[in-house]
Amino acid sequence: MTILAFAETRILVQGITGREAITFTSESLQYGAKIVAGVTPGKGGQNVHGVPVYDSVAQAVRAHACDATVISVPARFVQDAVAEAVDNGIKLLVIVTERIPRRDAVAIVERAERAGARVVGPNSLGVISPGQTRIGMSGGSADAVRLAYKPGHVGVISRSGGMMTEIANLLTQAGIGQSTCVSIGGDPIIGTTTLDLLPLYEADPDTHGLVLFCEPGGVMEEQLAERLMAQPSRLRIVAFVAGRFADRMQGMRFGHAGTIVEGSKGSPAAKMDLLREAGVRVAEKFSEIPGLVWAESVVPLG
Amino acid sequence: MKVLEAEAKRLLAAGGLRVPRGQTVSTAEQARQVAQDLNGPVVIKVQIPTGGRMKAGGVKFADTPEAAEAVAQTLLGGTILGFPVDSVLVEEKLALAEPQVGEVFVGVTYDGRTRRATVLASRAGGIDVESNLESNHSTVQRNFSLLNDGEVPEYVGREVAAELGFTGQTFVRLSAVLTLLIKHFLEWDAILLEVNPLLLGADGQWVVADAHLELDDDAAYRHKDLLAQLPLSCQAADQRSEFERRAAEIDSADHRGVAGRLVPFGGDLGLLIGGGGASLTIMDAVLDAGLKPANYCEIGGNPSVWKIKELTKLILQQPGVRRLAVMMNVVSNTRVDLVARGVVKGALELGRVPREAITAFRIPGSWEEEGQAILRHYGVAFYDRNDTFDQVVAAIKEMS
């Protein structure tokens, strides 16, 4: 098993006729993802690589049951697209759009929580369960995804979409496959945090370990550490915290919008200390990750 | 964008809040004139886009117009907390209620922990508010919903004012102030609206003595009119080095790909690196190895050959820069061959030998073979997905 994304997950794409969406729809289909329908208001009746396009989510879900949606619409339309998906009963929303205003992101999270739906992102590249499916666009073409990602037993959670593929590749090179990889997005407010995902991975009998890619700013790592100190995990957790250099340059923004550091809170050094205290194996260097993941409990690739 | 205090106060005043009488000036002579018009003791505050001004000596008091002129003279043209002081706000010194019962800190922001809009307030205002907030249990926090059809929930202000222990007219007026602050926070798409302190004047009215307003850059598209009212803040936010300005010009001249956050670092190793997370990782690895980066940068998307070529030239032409390292995470959107062509062209146009100017090229991913062929032709070292950032950085170190 995996989490969130399964071979049988039926996927809707909102904004499917956009340039980027056309590309990732084609690539995801080639990877084996079950994209069953798309929505672009005004383009109903067309198709994108054989996927039927509808004018509304209501029309799409009437014709095709959908378990998840990828939202790839311009920033100003995202809030409405989320409401449309949630009101039509979709329970997993992956938002790939970048630069969503903070107010909209908070409203989106609040709306999804009320409806019992899960939002991944905004500014996510997507979710991959190697060998099964991809919801979103992480990793690029089907061949590229197959090269970097291999099925296995280690989950990956990354605030950076690009670094998720880099980590999967690093693990794959070391013979360690992945269960589900989640690009959670680098914004200050995101729908699904590491802490939210931890119980899902813990409940998955096929996930034995977890690799986290962390960045400066926010309280996500602090929240994870609190949970682990109160309740240790059965998973072997390895974390890499990028951006230590930014500690010396407070108030400047590097990396994602969420990485701004104000005061000692949220600094990479503080996060590393806390995670270590909580029993997480913290990699000093990026290339140490596979060595820290490797353990008898982790089943390597065939 | 951080809004300068004077402009934030002007917005708040127009929005129904009380602020001290005063004016922003850029010469000492004007400061004297304003102090004379205010006809009493004044406060003189440097207008820079950051907090902590009081401790840094950027807030001074003067009892006479002559003293105001002298103070303004020392502040204007100087630097406080690394920011040039182009203007100061000259304000009336407030007459406060006696005994001084009403000094409140209020912050409206988004709480990353609960992922909700939130109001924070405490009676322990002042310049040490951050440390007070951490230690003081009397801080009140109330989250509020954004799903009320755009209506501001007014009871939140009342709850907070009551929790702070105010009663009667003072309570009623504070509640109204809090409601207005929440309203403007949402209306302006702020990510922080902080009033520290909010003071109870001798006349029983609450006055915004200092305000920190930070607007969401990602929401700028729906606030053109608001931004037009904030010329000094926009100007202060746009203060960049010549290097950053040139990089931004190159970036905006071609919509393909992103050349983000080019920040000079002064070393000899130029960096053309990306995307966001990888740049942080590579920068740490470079510094840990004892190498001296000339700059930070985040390239992303699918930049054109022209954009990469121009960035290559810009970085290599920085004084003291001897060579360029080109590194990204495994890419799916970026075309490796276009980046390879761009860096080689950039080196050649500067009359440099590519294999000497480009010390390492590590971008695995889409169009990798084509990129590798170009680099091989010029003898530039290519590293693939088997080579970790740390290995590549170690190789660069070895070559230096």
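Predicted model: local features only at pLDDT ≥ 70, side-chain atom pairs only at ≥ 80, totals over all residues.

Reader: What percentage of the residues in chain B is buried?

Author: Among contacts in chain B between residues at least 6 apart in sequence, 70% join residues at least 24 apart. Chain B has 400 residues, and the buried share of them is 47%.

Reader: Which elements of chain A give two or more residues to the side that touches chain B?

Author: The contact between the chains takes 43 residues from chain A and 41 residues from chain B. On the side of chain A, the residues divide into 17 nonpolar, 16 polar and 10 charged. The elements of chain A that give two or more residues to this side are α4 (102-115), α5 (142-148) and α6 (161-173).

Reader: Is helix α10 of chain B largely enclosed or largely open, and what number of its residues is buried?

Author: Helix α10 of chain B covers residues 276-288 and reaches 19 Å from its first C-alpha to its last, close to the 18 Å expected. Its buried residues include G276(B), L280(B), M283(B) and V286(B). α10(B) is largely enclosed by the rest of the structure, because the number of its 13 residues that are buried is 11.

Reader: What covers the buried residues of α10(B)?

Author: The cover includes elements of both chain A and chain B. From chain A come α6 and β12 (209-214). From chain B come β15 (269-274), β16 (295-300), β17 (323-328) and α15 (389-399).

Reader: Which residue just after α10(B) takes a positive phi?

Author: Helix α10 of chain B spans residues 276-288. Just after α10(B), a positive phi of about 85 degrees is taken by G290(B).

Reader: Are α10(B) and α15(B) parallel or oblique to each other?

Author: The two helices pack at an angle of about 40 degrees, with their axes 10 Å apart. The contact is made by T281(B), I282(B), A285(B) and V286(B) of α10(B) and F389(B), D390(B) and V393(B) of α15(B). By class, this contact has five nonpolar, one polar and one charged residues. Given their angle, α10(B) and α15(B) are therefore oblique.

Reader: Is I396(B) buried or exposed?

Author: I396(B) has its place in helix α15 of chain B. Leaving aside residues up to four places away in sequence, I396(B) touches L291(B), A325(B), T359(B) and A360(B). Because 21 other C-beta atoms lie within 10 Å, where 20 or more are required, I396(B) is buried.

Reader: What distance separates the C-alpha atoms of I396(B) and V286(B)?

Author: V286(B) is one of the buried residues of α10(B), whereas I396(B) is in α15 of chain B. Along the chain, I396(B) and V286(B) are 110 residues apart, and their C-alpha atoms are separated by 9.2 Å.

Reader: Are α8(A) and α9(A) roughly parallel or roughly perpendicular to each other?

Author: Helix α8 (residues 220-230) and helix α9 (residues 268-277) of chain A pack with their axes 9 Å apart, at an angle of about 15 degrees. The contact is made by E221(A), E222(A) and A225(A) of α8(A) and K271(A), L274(A), L275(A) and E277(A) of α9(A). By class, the contact has three nonpolar, no polar and four charged residues. Since angles under 35 degrees count as such, α8(A) and α9(A) are roughly parallel.

Key. Residues numbered from 1 in each chain as written. Chains lettered and ligands numbered in written order. Buried ≥ 20, exposed ≤ 12 C-beta atoms within 10 Å, placed from the backbone. Contact = placed C-beta atoms within 7 Å. Helix = DSSP H or I, 4+ residues; strand = E, 2+ residues; numbered from the N terminus. Nonpolar A, V, L, I, M, F, W, Y, C, P; charged D, E, K, R; others polar. Expected span 1.5 Å × (residues − 1). Axes fitted to C-alpha atoms, helices over the stretch in contact; angles between N-to-C directions. Parallel < 35°, antiparallel > 145°, perpendicular 65-115°, else oblique.
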